[in-house]
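Subject: The structure I promised you

Hi,

Here is the structure we talked about, ready for you to open. Have a look at it first, then read on for my notes.

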Amino acid sequence: MDVDTGLDDAIAIIMALRSPEIEIIGITTVSGNVTARAAALNTLGILRVMGKESKIPVLRGASRPLSKKIVHAEEVHGKKGLGNISLQCNPALLQKRDVYNFVSETLANYRKGEVALVATGPLTNIARVILEDPGITHSLSRICIMGGAFGLASKIYGNITPHAEFNFYCDPKAAQIVMTHASSGGVRRLNIVGLDVTDKYLTVDDEFISRLSNRQCKKRKKGGSKNSDKVPTIVKSLLRYPLTKFGKFDLPDVFAVAMLERPELFRFKRGKVDIIQSGISWGHSRFVRESHNINEHNKTFVATEVKSKKVFDSYVFSRLCK
Ligand SMILES: [Ca+2]
């Protein structure tokens, strides 16, 4: 995973950790919601709470975007990125390696197509790895990205500006490198989900929180398992901050994990994604559907909708209350 651990990254990581079908083999962090170092410490903190701190390597990646300006989102995710909670961690556990070396050494331990990449932050690290070695992404079964806003599922085009989604806004140059790479056959498959989808199909509000503590989770609890903490306390703590602050909010990064684990829950369209790198539309993502002149090299698939909100919902709940 490549993350800029704020609140929804944290929930996405927890969901992946609790999935019986996913094994996280490494996490790199990038400047985005918070600095790359703060994101790395947050990630270590989440792993510690989940009992995985010494099992999953965490590495601080790019602290500056390829595009010039540095942007963070403390006003959304809290000063340190995880609302008002501050998690204990051991910074000495941070891997002291370059992201490219880490990725290539890690991939060398696996068969081709056995590893996927889930990216929930700006794409700086991914772009840098691609620039270093364009062939490396062929080893990946797929890349699943939360980024952009395409106006397909809803008329939403941005959250940081009316025109741009945060991840792509932070580093449009890096995002364009990854998009160009995917549309010219550099990957086996790239799944992208934009804000227009994530905003429409999952809302955290009072009802969501009360359902987390309600019968669905309790019923399972009575089901005989000895583990009484079915919903990790950390999940409730993470969700409480934005709920109090905003009333309701969304969890875009959760969709990137979902596209890896349950791609059948989505509808996709193949096409090309372009990102504006200047002016008022800085970071704006444009989807050009491939209807004529199919480019066989293009492996970019943009999510256009979630097939069933109900099924998606129960998938998310099954991961959050186990
Ligand atoms: Ca993120």
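Predicted model: local features only at pLDDT ≥ 70, side-chain atom pairs only at ≥ 80, totals over all residues.

Strands first. Strand β9 covers residues 266-275 and pairs with β11, residues 300-306, in the antiparallel sense over 5 bridges. If you want a spot to look at there, F268 has A303 in β11 as its bridge partner. β9 is also joined to strand β10 (residues 285-289), again by 5 bridges and again antiparallel. In that pairing, D274 stands opposite R286 of β10.

What about the side chains of β6 (residues 190-193): which residues point which way, and are they buried or exposed? L190 and I192 go one way, N191 and V193 go the other, and all of them are buried.

While you are in β9, take a look at K272, which sits in that strand. K272 has 17 C-beta neighbours inside 10 Å, so it counts as partly exposed. Setting aside neighbours within four places in sequence, the contacts of K272 are S183, V288, E290, N298 and T300. I also checked K272 against D196: they are 76 residues apart in sequence, and their C-alpha atoms are 17 Å apart in space.

Now the helices. Helix α12 (residues 254-261) has 7 of its 8 residues buried, so it is largely enclosed by the rest of the structure. The buried ones are V254, F255, A256, V257, A258, M259 and L260.

What does α12 pack against? One answer is helix α1 (residues 7-18): the axes are 8 Å apart and the angle is about 25°, and α1 and α12 are therefore roughly parallel to each other. On the α1 side the contact involves D8, I11, A12, M15 and A16, which meet V254, A256 and V257 of α12. By class, that contact has 7 nonpolar residues, no polar ones and 1 charged.

The other helix pair I looked at is α4 (residues 99-107) with α5 (residues 124-132). Their axes come within 9 Å and cross at roughly 75°, which makes α4 roughly perpendicular to α5. V99, Y100 and V103 of α4 make the contact with N125, R128, V129 and E132 of α5. The classes in the α4 and α5 contact come to 4 nonpolar, 1 polar and 2 charged residues.

Last, the core. The largest nonpolar core has 92 residues, and the members that touch the most others are I11, I13, V178, V254, A256, V257 and M259.

Cheers

Technical notes
Residues numbered from 1 in each chain as written. Pairing = 2+ DSSP bridges. Helix = DSSP H or I, 4+ residues; strand = E, 2+ residues; numbered from the N terminus. Axes fitted to C-alpha atoms, helices over the stretch in contact; angles between N-to-C directions. Parallel < 35°, antiparallel > 145°, perpendicular 65-115°, else oblique. Contact = placed C-beta atoms within 7 Å. Nonpolar A, V, L, I, M, F, W, Y, C, P; charged D, E, K, R; others polar. Core = buried A, V, L, I, M, F, W, Y, C linked by C-beta atoms within 7 Å. Buried ≥ 20, exposed ≤ 12 C-beta atoms within 10 Å, placed from the backbone.
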